[in-house]
Amino acid sequence: SGQAMWGGRFSDKPAELMQAINVSIGFDKRLAAQDLAGSRAHAAMLCSAGVIASEDEAAIQKGLDKIAGEIADGTFPFREEYEDIHMNVEARLRELIGPVAGRLHTARSRNDQVALDFRMWVRDACDRTIAQLRALQAALVAQAEAHADTLMPGFTHLQPAQPVTFGHHLMAYVEMFGRDASRFSDARRRMNESPLGAAALAGSPFPIDREMTAKALGFDRPTANSLDSVSDRDFALEALAAATLCGVHLSRLAEEIVIWTTPQFGFIRLSDAFTTGSSIMPQKKNPDAAELVRAKVGRLLGSFTQLTVVMKGLPLAYSKDMQEDKVPTFEAFDALELSLKAMAGMVADLEPVAPRMAAAAGAGFSTATDLADWLVRTLDMPFRDAHHVTGAAVKRAEQLGCDLAELPLAELQALSQGIGPDVYEVLTPSASAGSRKSYGGTAPDQVRAQIKRWKEALA
Ligand code: ARG
(Lines give C-alpha, C1' and ligand atoms only; values in the text may rest on other atoms or scores of the structure.)
Protein backbone atom coordinates (compact mmCIF):
# COMPACT_ATOMS: atom_id res chain seq x y z
CA SER A 1 0.00 0.00 0.00
CA GLY A 2 3.01 2.30 0.39
CA GLN A 3 1.42 3.23 3.74
CA ALA A 4 2.72 2.44 7.19
CA MET A 5 1.35 -0.77 8.67
CA TRP A 6 -0.97 1.30 10.81
CA GLY A 7 -1.89 3.61 7.92
CA GLY A 8 -5.66 2.95 7.71
CA ARG A 9 -6.83 6.02 9.55
CA PHE A 10 -4.18 8.34 8.06
CA SER A 11 -4.37 10.38 4.85
CA ASP A 12 -0.90 11.91 4.95
CA LYS A 13 2.51 10.39 5.36
CA PRO A 14 4.55 11.15 8.47
CA ALA A 15 7.00 14.04 8.28
CA GLU A 16 10.60 13.05 7.67
CA LEU A 17 11.41 14.30 11.16
CA MET A 18 8.62 12.14 12.58
CA GLN A 19 10.27 9.13 10.96
CA ALA A 20 13.69 10.19 12.12
CA ILE A 21 12.72 10.45 15.78
CA ASN A 22 10.48 7.37 15.66
CA VAL A 23 12.64 4.85 13.85
CA SER A 24 14.28 2.15 15.95
CA ILE A 25 15.30 -0.53 13.42
CA GLY A 26 18.91 0.69 13.56
CA PHE A 27 19.22 -0.70 17.07
CA ASP A 28 16.29 -3.04 17.68
CA LYS A 29 17.41 -5.31 14.83
CA ARG A 30 19.38 -6.89 17.66
CA LEU A 31 16.05 -8.35 18.82
CA ALA A 32 15.50 -10.27 15.56
CA ALA A 33 16.13 -13.75 16.99
CA GLN A 34 13.86 -13.10 19.97
CA ASP A 35 11.17 -11.60 17.73
CA LEU A 36 11.14 -14.69 15.52
CA ALA A 37 11.05 -17.06 18.48
CA GLY A 38 8.14 -15.11 19.97
CA SER A 39 6.25 -15.15 16.67
CA ARG A 40 6.77 -18.90 16.22
CA ALA A 41 5.42 -19.63 19.69
CA HIS A 42 2.51 -17.21 19.22
CA ALA A 43 1.53 -18.74 15.86
CA ALA A 44 1.66 -22.28 17.25
CA MET A 45 -0.50 -21.24 20.18
CA LEU A 46 -3.04 -19.44 17.95
CA CYS A 47 -3.37 -22.62 15.90
CA SER A 48 -3.73 -24.93 18.88
CA ALA A 49 -6.35 -22.56 20.37
CA GLY A 50 -8.29 -22.73 17.09
CA VAL A 51 -7.78 -19.01 16.36
CA ILE A 52 -5.94 -19.61 13.07
CA ALA A 53 -6.17 -22.57 10.69
CA SER A 54 -3.33 -25.08 10.64
CA GLU A 55 -2.48 -24.43 6.96
CA ASP A 56 -2.16 -20.73 7.80
CA GLU A 57 0.07 -21.56 10.74
CA ALA A 58 2.22 -23.78 8.53
CA ALA A 59 2.60 -20.98 5.97
CA ILE A 60 3.52 -18.52 8.71
CA GLN A 61 6.12 -20.89 10.23
CA LYS A 62 7.63 -21.50 6.80
CA GLY A 63 7.85 -17.79 6.15
CA LEU A 64 9.45 -17.20 9.54
CA ASP A 65 12.02 -19.92 8.77
CA LYS A 66 12.85 -18.19 5.51
CA ILE A 67 13.28 -14.88 7.37
CA ALA A 68 15.54 -16.53 9.94
CA GLY A 69 17.68 -17.77 7.05
CA GLU A 70 17.81 -14.30 5.50
CA ILE A 71 18.86 -12.76 8.80
CA ALA A 72 21.53 -15.42 9.28
CA ASP A 73 23.02 -14.94 5.82
CA GLY A 74 22.74 -11.15 5.89
CA THR A 75 20.20 -10.78 3.09
CA PHE A 76 17.25 -9.67 5.20
CA PRO A 77 16.18 -6.15 4.13
CA PHE A 78 16.07 -4.04 7.30
CA ARG A 79 14.01 -1.02 6.18
CA GLU A 80 13.61 2.25 8.02
CA GLU A 81 10.13 2.84 6.60
CA TYR A 82 8.94 -0.11 8.68
CA GLU A 83 10.16 1.59 11.84
CA ASP A 84 11.12 -1.31 14.08
CA ILE A 85 12.09 -4.98 14.03
CA HIS A 86 8.52 -6.14 14.66
CA MET A 87 7.05 -4.44 11.60
CA ASN A 88 10.08 -5.25 9.46
CA VAL A 89 9.55 -8.95 10.13
CA GLU A 90 5.82 -8.72 9.52
CA ALA A 91 6.27 -6.74 6.30
CA ARG A 92 8.80 -9.25 4.99
CA LEU A 93 6.50 -12.11 5.97
CA ARG A 94 3.74 -10.56 3.88
CA GLU A 95 6.11 -10.29 0.90
CA LEU A 96 7.02 -13.94 1.30
CA ILE A 97 3.65 -15.59 2.04
CA GLY A 98 1.02 -13.01 1.14
CA PRO A 99 -1.95 -11.66 3.15
CA VAL A 100 -2.09 -14.67 5.48
CA ALA A 101 0.90 -13.03 7.21
CA GLY A 102 -1.62 -10.59 8.66
CA ARG A 103 -3.10 -13.37 10.82
CA LEU A 104 0.06 -13.61 12.93
CA HIS A 105 -0.69 -10.38 14.78
CA THR A 106 -4.09 -11.65 16.03
CA ALA A 107 -4.33 -11.33 19.84
CA ARG A 108 -0.97 -9.55 19.96
CA SER A 109 0.28 -5.98 20.06
CA ARG A 110 3.73 -4.54 19.55
CA ASN A 111 3.48 -3.62 23.20
CA ASP A 112 3.56 -7.18 24.51
CA GLN A 113 5.77 -8.19 21.57
CA VAL A 114 8.52 -5.73 22.44
CA ALA A 115 8.17 -6.44 26.16
CA LEU A 116 8.70 -10.12 25.34
CA ASP A 117 11.58 -9.66 22.89
CA PHE A 118 13.49 -7.30 25.13
CA ARG A 119 12.94 -9.46 28.20
CA MET A 120 14.32 -12.49 26.35
CA TRP A 121 17.31 -10.44 25.17
CA VAL A 122 18.10 -9.30 28.73
CA ARG A 123 17.61 -12.87 29.97
CA ASP A 124 20.18 -14.09 27.42
CA ALA A 125 22.51 -11.24 28.37
CA CYS A 126 22.33 -12.31 32.03
CA ASP A 127 23.18 -15.89 31.04
CA ARG A 128 26.13 -14.76 28.91
CA THR A 129 27.37 -12.47 31.67
CA ILE A 130 27.24 -15.26 34.24
CA ALA A 131 29.35 -17.45 31.91
CA GLN A 132 31.84 -14.58 31.40
CA LEU A 133 32.03 -14.04 35.16
CA ARG A 134 32.71 -17.74 35.68
CA ALA A 135 35.56 -17.61 33.16
CA LEU A 136 37.09 -14.62 34.93
CA GLN A 137 36.73 -16.34 38.29
CA ALA A 138 38.44 -19.44 36.90
CA ALA A 139 41.39 -17.34 35.71
CA LEU A 140 41.67 -15.71 39.15
CA VAL A 141 41.45 -19.05 40.95
CA ALA A 142 44.20 -20.53 38.74
CA GLN A 143 46.55 -17.62 39.57
CA ALA A 144 45.58 -17.81 43.24
CA GLU A 145 46.42 -21.49 43.32
CA ALA A 146 49.83 -20.87 41.75
CA HIS A 147 50.49 -18.07 44.29
CA ALA A 148 48.87 -19.26 47.50
CA ASP A 149 52.29 -18.83 49.19
CA THR A 150 53.50 -15.71 47.37
CA LEU A 151 53.81 -12.96 49.95
CA MET A 152 52.70 -9.42 49.28
CA PRO A 153 51.84 -6.44 51.45
CA GLY A 154 48.25 -6.13 52.51
CA PHE A 155 47.19 -2.49 52.59
CA THR A 156 44.75 -0.26 54.37
CA HIS A 157 44.67 3.38 53.29
CA LEU A 158 47.12 2.10 50.62
CA GLN A 159 49.72 2.04 53.45
CA PRO A 160 51.43 -1.24 54.40
CA ALA A 161 49.23 -2.96 56.98
CA GLN A 162 49.92 -6.70 57.37
CA PRO A 163 51.50 -9.26 55.06
CA VAL A 164 49.07 -11.31 52.99
CA THR A 165 49.49 -13.65 50.04
CA PHE A 166 48.87 -12.80 46.40
CA GLY A 167 46.54 -15.80 46.23
CA HIS A 168 44.49 -14.46 49.11
CA HIS A 169 44.25 -11.05 47.47
CA LEU A 170 43.05 -12.53 44.16
CA MET A 171 40.51 -14.72 45.94
CA ALA A 172 38.91 -11.57 47.37
CA TYR A 173 37.91 -10.71 43.80
CA VAL A 174 36.62 -14.24 43.23
CA GLU A 175 34.18 -13.59 46.09
CA MET A 176 33.09 -10.25 44.57
CA PHE A 177 32.52 -11.73 41.12
CA GLY A 178 30.67 -14.63 42.76
CA ARG A 179 28.22 -12.17 44.31
CA ASP A 180 27.88 -10.46 40.93
CA ALA A 181 27.00 -13.76 39.26
CA SER A 182 24.40 -14.47 41.94
CA ARG A 183 22.85 -11.03 41.39
CA PHE A 184 22.45 -11.80 37.68
CA SER A 185 20.88 -15.15 38.46
CA ASP A 186 18.50 -13.59 41.01
CA ALA A 187 17.47 -10.97 38.46
CA ARG A 188 17.01 -13.68 35.85
CA ARG A 189 14.73 -15.68 38.13
CA ARG A 190 12.52 -12.65 38.78
CA MET A 191 12.36 -11.63 35.11
CA ASN A 192 11.48 -15.11 33.87
CA GLU A 193 7.75 -14.50 33.35
CA SER A 194 6.25 -14.10 29.89
CA PRO A 195 4.41 -10.88 29.03
CA LEU A 196 3.15 -12.32 25.73
CA GLY A 197 -0.66 -12.28 25.60
CA ALA A 198 -1.01 -9.02 27.55
CA ALA A 199 -1.63 -7.63 24.04
CA ALA A 200 -1.89 -3.83 23.92
CA LEU A 201 -2.51 -3.44 27.66
CA ALA A 202 -5.80 -5.08 28.65
CA GLY A 203 -5.40 -8.69 27.55
CA SER A 204 -7.14 -10.39 24.64
CA PRO A 205 -10.71 -11.46 23.85
CA PHE A 206 -9.36 -14.47 21.91
CA PRO A 207 -9.06 -17.82 23.74
CA ILE A 208 -5.26 -17.58 23.96
CA ASP A 209 -3.15 -19.91 26.07
CA ARG A 210 -0.51 -17.82 27.82
CA GLU A 211 0.84 -20.83 29.72
CA MET A 212 1.60 -22.51 26.40
CA THR A 213 3.62 -19.62 24.96
CA ALA A 214 5.35 -19.02 28.30
CA LYS A 215 6.47 -22.64 28.40
CA ALA A 216 7.52 -22.70 24.74
CA LEU A 217 9.76 -19.68 25.30
CA GLY A 218 11.43 -21.00 28.44
CA PHE A 219 9.55 -18.87 30.98
CA ASP A 220 8.45 -20.16 34.37
CA ARG A 221 4.94 -18.72 33.98
CA PRO A 222 3.02 -15.86 32.32
CA THR A 223 3.00 -12.43 34.00
CA ALA A 224 -0.09 -11.88 36.15
CA ASN A 225 -1.20 -8.36 35.21
CA SER A 226 -1.52 -7.25 31.61
CA LEU A 227 -0.96 -3.54 32.39
CA ASP A 228 2.20 -4.32 34.33
CA SER A 229 3.34 -6.72 31.60
CA VAL A 230 3.62 -4.06 28.91
CA SER A 231 4.92 -1.26 31.13
CA ASP A 232 7.48 -3.04 33.29
CA ARG A 233 11.15 -2.54 32.56
CA ASP A 234 12.33 -3.48 36.06
CA PHE A 235 14.04 -6.53 34.61
CA ALA A 236 16.37 -4.36 32.53
CA LEU A 237 16.99 -1.95 35.39
CA GLU A 238 17.84 -4.79 37.73
CA ALA A 239 20.25 -6.26 35.20
CA LEU A 240 21.84 -2.83 34.68
CA ALA A 241 22.18 -2.36 38.44
CA ALA A 242 23.92 -5.73 38.67
CA ALA A 243 26.10 -4.74 35.71
CA THR A 244 27.04 -1.47 37.41
CA LEU A 245 28.05 -3.21 40.61
CA CYS A 246 30.06 -5.72 38.60
CA GLY A 247 31.69 -2.75 36.85
CA VAL A 248 32.64 -1.32 40.24
CA HIS A 249 34.41 -4.56 41.12
CA LEU A 250 36.13 -4.68 37.73
CA SER A 251 37.32 -1.11 38.13
CA ARG A 252 38.82 -1.83 41.55
CA LEU A 253 40.79 -4.78 40.22
CA ALA A 254 41.78 -2.75 37.15
CA GLU A 255 43.05 0.04 39.39
CA GLU A 256 45.15 -2.41 41.39
CA ILE A 257 46.63 -3.79 38.19
CA VAL A 258 47.51 -0.26 37.08
CA ILE A 259 49.22 0.40 40.42
CA TRP A 260 50.97 -2.98 40.57
CA THR A 261 52.51 -2.54 37.11
CA THR A 262 54.15 0.83 37.91
CA PRO A 263 57.94 0.55 38.25
CA GLN A 264 57.49 2.02 41.76
CA PHE A 265 55.47 -1.03 42.82
CA GLY A 266 56.70 -3.54 40.26
CA PHE A 267 54.51 -6.31 41.72
CA ILE A 268 53.32 -7.80 38.44
CA ARG A 269 54.06 -7.84 34.73
CA LEU A 270 51.30 -7.78 32.14
CA SER A 271 51.70 -9.67 28.87
CA ASP A 272 52.40 -7.89 25.60
CA ALA A 273 48.95 -9.05 24.53
CA PHE A 274 47.21 -6.74 27.04
CA THR A 275 49.46 -3.68 26.94
CA THR A 276 50.36 -1.02 24.38
CA GLY A 277 53.41 1.07 23.60
CA SER A 278 53.84 4.79 23.20
CA SER A 279 54.35 6.49 19.84
CA ILE A 280 57.05 8.75 21.32
CA MET A 281 58.49 7.08 24.44
CA PRO A 282 60.15 3.83 23.41
CA GLN A 283 60.41 2.44 26.96
CA LYS A 284 56.65 2.48 27.58
CA LYS A 285 54.42 -0.49 28.20
CA ASN A 286 51.07 0.89 29.21
CA PRO A 287 48.23 -1.00 30.90
CA ASP A 288 45.58 0.41 28.54
CA ALA A 289 43.23 -2.55 28.83
CA ALA A 290 43.17 -2.21 32.61
CA GLU A 291 42.60 1.52 32.33
CA LEU A 292 39.69 1.04 29.92
CA VAL A 293 38.14 -1.61 32.15
CA ARG A 294 38.53 0.88 35.03
CA ALA A 295 36.65 3.47 32.95
CA LYS A 296 33.80 1.32 31.57
CA VAL A 297 31.84 1.48 34.80
CA GLY A 298 31.01 5.03 33.69
CA ARG A 299 29.00 3.61 30.80
CA LEU A 300 27.37 1.02 33.01
CA LEU A 301 26.20 3.50 35.62
CA GLY A 302 25.30 5.90 32.79
CA SER A 303 23.04 3.25 31.25
CA PHE A 304 21.41 2.46 34.57
CA THR A 305 20.87 6.18 35.17
CA GLN A 306 19.46 6.73 31.66
CA LEU A 307 16.87 4.01 31.90
CA THR A 308 15.92 4.96 35.47
CA VAL A 309 15.22 8.50 34.33
CA VAL A 310 13.26 7.27 31.28
CA MET A 311 11.02 5.10 33.47
CA LYS A 312 10.52 7.55 36.30
CA GLY A 313 7.06 9.09 36.31
CA LEU A 314 5.76 7.16 33.26
CA PRO A 315 2.02 6.57 33.54
CA LEU A 316 0.62 3.09 32.82
CA ALA A 317 0.67 1.38 30.43
CA TYR A 318 3.00 1.54 27.38
CA SER A 319 4.51 4.87 26.32
CA LYS A 320 6.90 5.37 23.44
CA ASP A 321 9.48 6.65 25.94
CA MET A 322 10.15 2.98 26.59
CA GLN A 323 11.70 2.55 23.16
CA GLU A 324 14.66 4.33 24.77
CA ASP A 325 15.27 1.25 26.94
CA LYS A 326 17.29 -0.63 24.34
CA VAL A 327 20.31 1.49 23.44
CA PRO A 328 21.59 1.94 27.02
CA THR A 329 20.99 -1.73 27.78
CA PHE A 330 22.75 -2.98 24.63
CA GLU A 331 25.65 -0.58 25.23
CA ALA A 332 26.00 -1.62 28.83
CA PHE A 333 26.15 -5.33 28.09
CA ASP A 334 28.56 -4.78 25.19
CA ALA A 335 30.86 -2.83 27.50
CA LEU A 336 30.54 -5.38 30.28
CA GLU A 337 31.28 -8.31 27.99
CA LEU A 338 34.43 -6.64 26.65
CA SER A 339 35.54 -5.73 30.16
CA LEU A 340 35.01 -9.20 31.61
CA LYS A 341 36.81 -10.88 28.71
CA ALA A 342 39.72 -8.41 28.71
CA MET A 343 40.08 -8.78 32.47
CA ALA A 344 40.06 -12.58 32.22
CA GLY A 345 42.78 -12.36 29.57
CA MET A 346 44.91 -9.98 31.63
CA VAL A 347 44.58 -12.09 34.75
CA ALA A 348 45.42 -15.34 32.95
CA ASP A 349 48.57 -13.79 31.45
CA LEU A 350 49.89 -11.73 34.34
CA GLU A 351 53.15 -12.66 36.04
CA PRO A 352 53.81 -11.73 39.63
CA VAL A 353 57.33 -10.52 40.48
CA ALA A 354 57.51 -12.55 43.68
CA PRO A 355 60.80 -11.14 45.09
CA ARG A 356 59.54 -7.55 44.78
CA MET A 357 56.26 -8.44 46.43
CA ALA A 358 57.97 -10.37 49.23
CA ALA A 359 60.38 -7.50 49.93
CA ALA A 360 57.48 -5.07 50.04
CA ALA A 361 55.55 -7.47 52.30
CA GLY A 362 58.14 -6.96 55.04
CA ALA A 363 58.57 -3.23 54.58
CA GLY A 364 56.78 -0.52 56.53
CA PHE A 365 56.87 -2.43 59.84
CA SER A 366 54.15 -4.69 58.53
CA THR A 367 54.66 -7.25 61.32
CA ALA A 368 54.07 -4.74 64.13
CA THR A 369 50.68 -6.35 64.91
CA ASP A 370 52.49 -9.69 65.25
CA LEU A 371 54.82 -8.19 67.87
CA ALA A 372 51.85 -6.80 69.80
CA ASP A 373 50.04 -10.17 69.59
CA TRP A 374 53.22 -11.93 70.80
CA LEU A 375 53.37 -9.63 73.86
CA VAL A 376 49.72 -10.46 74.60
CA ARG A 377 50.22 -14.21 74.20
CA THR A 378 53.65 -14.61 75.78
CA LEU A 379 53.72 -11.93 78.48
CA ASP A 380 49.95 -11.81 79.11
CA MET A 381 50.02 -8.07 78.44
CA PRO A 382 46.67 -6.29 77.82
CA PHE A 383 46.42 -5.58 74.06
CA ARG A 384 46.34 -1.78 74.54
CA ASP A 385 49.65 -1.89 76.46
CA ALA A 386 51.15 -4.23 73.88
CA HIS A 387 50.05 -1.80 71.16
CA HIS A 388 51.88 1.01 73.01
CA VAL A 389 55.10 -0.96 73.50
CA THR A 390 55.07 -2.00 69.85
CA GLY A 391 54.53 1.58 68.75
CA ALA A 392 57.62 2.57 70.74
CA ALA A 393 59.58 -0.27 69.09
CA VAL A 394 58.55 0.98 65.64
CA LYS A 395 59.63 4.50 66.58
CA ARG A 396 63.03 3.18 67.76
CA ALA A 397 63.51 1.11 64.59
CA GLU A 398 62.69 4.18 62.53
CA GLN A 399 65.32 6.18 64.44
CA LEU A 400 67.90 3.44 63.88
CA GLY A 401 66.89 3.05 60.25
CA CYS A 402 66.18 -0.69 60.53
CA ASP A 403 63.25 -3.12 60.35
CA LEU A 404 61.53 -4.47 63.45
CA ALA A 405 63.18 -7.85 62.91
CA GLU A 406 66.61 -6.14 62.88
CA LEU A 407 66.09 -4.34 66.19
CA PRO A 408 68.69 -5.63 68.72
CA LEU A 409 67.18 -7.64 71.60
CA ALA A 410 68.52 -5.12 74.12
CA GLU A 411 66.50 -2.38 72.42
CA LEU A 412 63.32 -4.46 72.70
CA GLN A 413 64.06 -5.38 76.31
CA ALA A 414 64.50 -1.69 77.12
CA LEU A 415 60.83 -1.32 76.19
CA SER A 416 59.62 -4.47 77.97
CA GLN A 417 61.88 -6.60 80.14
CA GLY A 418 60.21 -9.93 79.50
CA ILE A 419 60.93 -10.00 75.74
CA GLY A 420 63.09 -12.98 74.77
CA PRO A 421 64.86 -13.98 71.53
CA ASP A 422 61.94 -16.17 70.36
CA VAL A 423 60.09 -12.93 69.53
CA TYR A 424 62.00 -12.78 66.22
CA GLU A 425 60.16 -15.88 65.01
CA VAL A 426 56.94 -13.91 64.63
CA LEU A 427 58.51 -10.88 62.94
CA THR A 428 58.98 -12.31 59.43
CA PRO A 429 56.26 -11.73 56.81
CA SER A 430 55.87 -15.44 56.15
CA ALA A 431 55.38 -16.23 59.85
CA SER A 432 52.90 -13.38 60.03
CA ALA A 433 50.84 -14.55 57.06
CA GLY A 434 51.17 -18.21 58.04
CA SER A 435 49.84 -17.52 61.54
CA ARG A 436 46.54 -16.06 60.33
CA LYS A 437 44.73 -19.39 60.22
CA SER A 438 41.29 -18.12 61.26
CA TYR A 439 38.50 -18.99 58.80
CA GLY A 440 38.91 -16.79 55.72
CA GLY A 441 42.35 -15.62 56.87
CA THR A 442 45.47 -15.24 54.74
CA ALA A 443 47.34 -18.39 55.93
CA PRO A 444 48.13 -20.46 52.80
CA ASP A 445 46.12 -23.44 54.10
CA GLN A 446 43.04 -21.28 54.55
CA VAL A 447 43.49 -19.79 51.08
CA ARG A 448 43.89 -23.28 49.60
CA ALA A 449 40.66 -24.37 51.28
CA GLN A 450 38.84 -21.45 49.60
CA ILE A 451 40.47 -22.26 46.27
CA LYS A 452 39.30 -25.85 46.55
CA ARG A 453 35.75 -24.78 47.36
CA TRP A 454 35.65 -22.42 44.36
CA LYS A 455 37.20 -24.95 41.99
CA GLU A 456 34.40 -27.35 42.88
CA ALA A 457 31.77 -24.63 42.49
CA LEU A 458 33.15 -23.57 39.10
CA ALA A 459 33.63 -27.10 37.73
N1 ARG B 1 9.58 0.07 18.71
C2 ARG B 1 8.72 0.06 19.87
C3 ARG B 1 9.57 -0.03 21.14
O4 ARG B 1 10.72 -0.30 21.02
C5 ARG B 1 7.80 -1.11 19.81
C6 ARG B 1 6.50 -0.92 20.50
C7 ARG B 1 5.70 0.13 19.85
N8 ARG B 1 4.38 0.15 20.32
C9 ARG B 1 3.59 1.14 20.00
N10 ARG B 1 2.39 1.11 20.46
N11 ARG B 1 3.98 2.14 19.25
O12 ARG B 1 9.11 0.20 22.24
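By class, four nonpolar, three polar and two charged residues make up the lining of the largest cavity, where Ala, Val, Leu, Ile, Met, Phe, Trp, Tyr, Cys and Pro count as nonpolar, Asp, Glu, Lys and Arg as charged, and the others, Gly among them, as polar. The structure is a predicted model, in which local features need pLDDT of at least 70 and side-chain atom pairs count only at pLDDT 80 or more, whereas totals for chains, interfaces and linings use all residues. Residues are numbered from 1 along each chain as its sequence is written, and side-chain values use heavy atoms, with hydrogens and water left out.

The count comes to one cavity of 30 Å³ or more, and the volume of the largest cavity is about 30 Å³. On a 1 Å grid over the protein atoms alone, a cavity is a set of points where a 1.4 Å probe fits but cannot get out, while a pocket is an open set with protein on both sides within 12 Å along at least five of seven lines; lining residues have an atom within 4 Å of a point. Grid points are joined across faces, edges and corners, and a volume is the space filled by probe spheres set on the points. The largest cavity is lined by His-42, Met-45, Ala-107, Leu-196, Gly-197, Ile-208, Asp-209, Arg-210 and Thr-213. At least two residues of this lining are supplied by each of helix H3 (32-48) and helix H8 (210-216), helices (H or I, at least four residues) and strands (E, at least two) being DSSP runs numbered from the N terminus.

The second largest pocket holds about 310 Å³ of space. Its lining comprises 15 residues, of which Thr-261, Thr-262, Pro-263, Ile-268 and Lys-285 lie nearest the centre of the pocket. By class, the lining of the second largest pocket divides into six nonpolar, five polar and four charged residues.

Leu-227, which is found in helix H9 (residues 226-231), is partly exposed at a relative accessible area of 33%, where buried means under 20%, exposed over 50% and partly exposed in between (1.4 Å probe, protein chains only).

Ala-317 is placed in the loop between helix H11 (288-311) and helix H12 (326-349). Most residues other than glycine have a negative phi, and most peptide bonds are trans. Against this background, His-157 has a positive phi of about 60° although it is not a glycine; His-157 lies in the loop between strand E1 (151-156) and strand E2 (159-165), and is exposed, with a relative accessible area of 76%. Glu-83 likewise has a positive phi, near 70°, and is found in the loop between helix H4 (54-72) and helix H5 (85-97), where Glu-83 is buried, with a relative accessible area of 7%.

The structure holds 30 salt bridges, each defined as a side-chain nitrogen of Lys or Arg within 4 Å of a carboxyl oxygen of Asp or Glu. Glu-83 forms one of these with Lys-320, the closest N and O atoms being 3.0 Å apart. Because Glu-83 lies in the loop between H4 and H5 and Lys-320 in the loop between H11 and H12, the pair ties together parts that are 237 residues apart in sequence. In contrast to Glu-83, which counts as buried, Lys-320 counts as partly exposed, at 33% relative accessibility.

A further salt bridge joins the side chains of Asp-127 and Arg-188 (2.6 Å, N to O). This pair links distant parts of the chain, with Asp-127 in helix H6 (residues 110-146) and Arg-188 in helix H7 (residues 166-191), 61 residues apart. Asp-127 counts as partly exposed at 32% relative accessibility, and Arg-188 is partly exposed at 24%.

The side chains of Glu-351 and Arg-269 also meet in a salt bridge (3.8 Å, N to O). Glu-351 lies in strand E6 (residues 351-352) and Arg-269 in strand E5 (residues 268-269), so the pair ties together parts that are 82 residues apart in sequence. Glu-351 is partly exposed at 46% relative accessibility, as is Arg-269 at 48%. Finally, a network of salt bridges links Lys-66, Glu-70, Arg-79, Arg-92 and Glu-95.
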